Amino acid sequence: MVNKIGSQLLDALFPHHCALCGLRSHREVPLCRPCELEMPVNRCCCVRCALPLLPTDEATAQRLCGQCLQAPPVFQRVIAPWLYEEYFAHLIHRWKFQREQYMTPLLATLWQDQVQLQEPVDMLVPVPLHWRRRWQRGFNQSELLCRQLQASCPELSTCKIAHRLVTRRRSTAAQSGISARQRASNLKGAFTVSKPCDNLRIAIVDDVLTTGATANALASALSAAGAGHIEVWCLARTPAPGS
Ligand SMILES: [Zn+2]
Ligand SMILES: [Zn+2]
């Protein structure tokens, strides 16, 4: 009887169902703890671009991937706490393509659960969509994420969200299914920064980092506008191609 009342109370307090298993989540967000514990975190990765690396005996604190050793990106580091695999892809798909915007607080919580911000930034820059794509989708997921992160992380309460600072000049071709080199050349000149960013510490915010080409093109534009430090904050990182 007591158990039954307890579980009815929990159901009333937390009405969400888990987005992965469908059972009651018993939390403020639509994901139950057991499912969250099964989602792989991106712990062993490149210190610069967060590309997942194979575990070795080497100290993980200083490891760089081959790409960053050869040609380091413009941004100083990437924070990408989760691996973009089956479970995360399902959450992102529901959020972005099925327009389930109540997933935004869940995704911000997942980011916050894994990240300890030591040095806050001055400005969050959501990766802009070209106006046509934004119109088709009805929202920019990176902008939603920026707002939710700011609302839920006290360290970010004074930082500015620059959602009009950068415009995406032309509709770039679909980025999936093409090589990293093609991506980079597609993105050349794609971003225009409207104001100087003198010595600002900036975090570019996006949902998933794949090759990093989009973030790097945006970081180049911000760096040319004078930004002093550029990081990329995203929810999840895809594994290296072929791994
Ligand atoms: Zn679950
Ligand atoms: Zn790297």
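Which side chain makes a polar contact with the side chain of Glu-231? That of His-229 does, at 2.9 Å; a polar contact is a pair of N or O atoms within 3.5 Å, where within protein one must be able to donate a hydrogen and the other to accept it, and residues adjacent in sequence count only if both atoms are side-chain atoms.

1. Basis. This is a predicted model, in which local features need pLDDT of at least 70 and side-chain atom pairs count only at pLDDT 80 or more, while totals for chains, interfaces and linings use all residues. Residues are numbered from 1 along each chain as its sequence is written, chains are lettered from A and ligands numbered from 1 in the order in which they are written, and side-chain values use heavy atoms, with hydrogens and water left out.

2. Overall make-up. The chain has nine helices and eight strands; helices (H or I, at least four residues) and strands (E, at least two) are DSSP runs, numbered from the N terminus. Of the 243 residues in the chain, 45% are buried. Buried means under 20% relative accessible area, exposed over 50%, and partly exposed in between, with a 1.4 Å probe and protein chains only. Among contacts between residues at least 6 apart in sequence, 67% join residues at least 24 apart, a contact being heavy atoms within 4.5 Å.

3. Surroundings of Glu-231. Glu-231 lies in strand 8 and is buried, with a relative accessible area of 2%. Leaving aside neighbours within four places in sequence, Glu-231 is in contact with Arg-77, Ile-79, Arg-201, Ile-202, Ala-203 and Ile-204.

4. Zinc ion (ligand 1). The protein donors here are the SG atoms of Cys-18, Cys-21, Cys-32 and Cys-35, lying 2.3 Å from the ion. Donors are N, O and S atoms within 2.8 Å of the metal (3.2 Å for Na, K and Ca); water is not among the atoms, so sites may look incomplete. The arrangement is tetrahedral because the four donor atoms subtend angles of 102 to 115 degrees. Four donors count as tetrahedral if all angles lie between 85 and 135 degrees. The donor residues are spaced C-x2-C-x10-C-x2-C in sequence. Cys-18 is buried, with a relative accessible area of 4%, and Cys-32 and Cys-35 are buried as well.

5. Zinc ion (ligand 2). Cys-46, Cys-49, Cys-65 and Cys-68 supply the protein donors, each through SG, lying 2.3 Å from the ion. This site is tetrahedral, with angles of 104 to 117 degrees among its four donor atoms. Along the chain the donors follow the spacing C-x2-C-x15-C-x2-C. Cys-46 and Cys-49 are both buried.

6. The structure holds zero disulfides, a disulfide being a pair of cysteine sulfur atoms within 2.5 Å. For Cys-153, the closest cysteine sulfur is that of Cys-159, and the 9.3 Å between the two sulfurs is too far for a bond. Cys-153 counts as buried, at 3% relative accessibility.

7. A search of the whole structure finds eight salt bridges, each a side-chain nitrogen of Lys or Arg within 4 Å of a carboxyl oxygen of Asp or Glu. Side chains of opposite charge can pair when their charged atoms come close. One salt bridge joins the side chains of Arg-33 and Glu-36 (3.5 Å, N to O). These two residues are three apart in helix 2 (residues 33-38), so they are separated by about one helical turn. An α-helix has 3.6 residues a turn, so residues three or four places apart point the same way. Arg-33 is partly exposed, with a relative accessible area of 47%, whereas Glu-36 is buried at 9%. A network of salt bridges links Arg-27, Arg-33 and Glu-36.

8. Helix 4 and its packing. In helix 4 (residues 86-96), the buried residues are Phe-88, Leu-91, Ile-92, Arg-94, Trp-95 and Lys-96. The buried residues of this helix pack against strand 2 (82-83), helix 5 (103-114), helix 6 (131-137), helix 7 (141-152), strand 7 (201-209) and strand 8 (229-237). The side chain of Arg-94 also meets that of Glu-100 in a salt bridge (2.7 Å, N to O), and both residues are buried.

9. Arg-134 and Glu-143. The side chains of Arg-134 and Glu-143 form a salt bridge (3.0 Å, N to O). Arg-134 is partly exposed, with a relative accessible area of 34%, while Glu-143 counts as buried at 13% relative accessibility.

Conventions. Four donors count as tetrahedral if all angles lie between 85 and 135 degrees; four count as square planar and six as octahedral if opposite donors are over 155 degrees apart and all others between 65 and 115; anything else is irregular.
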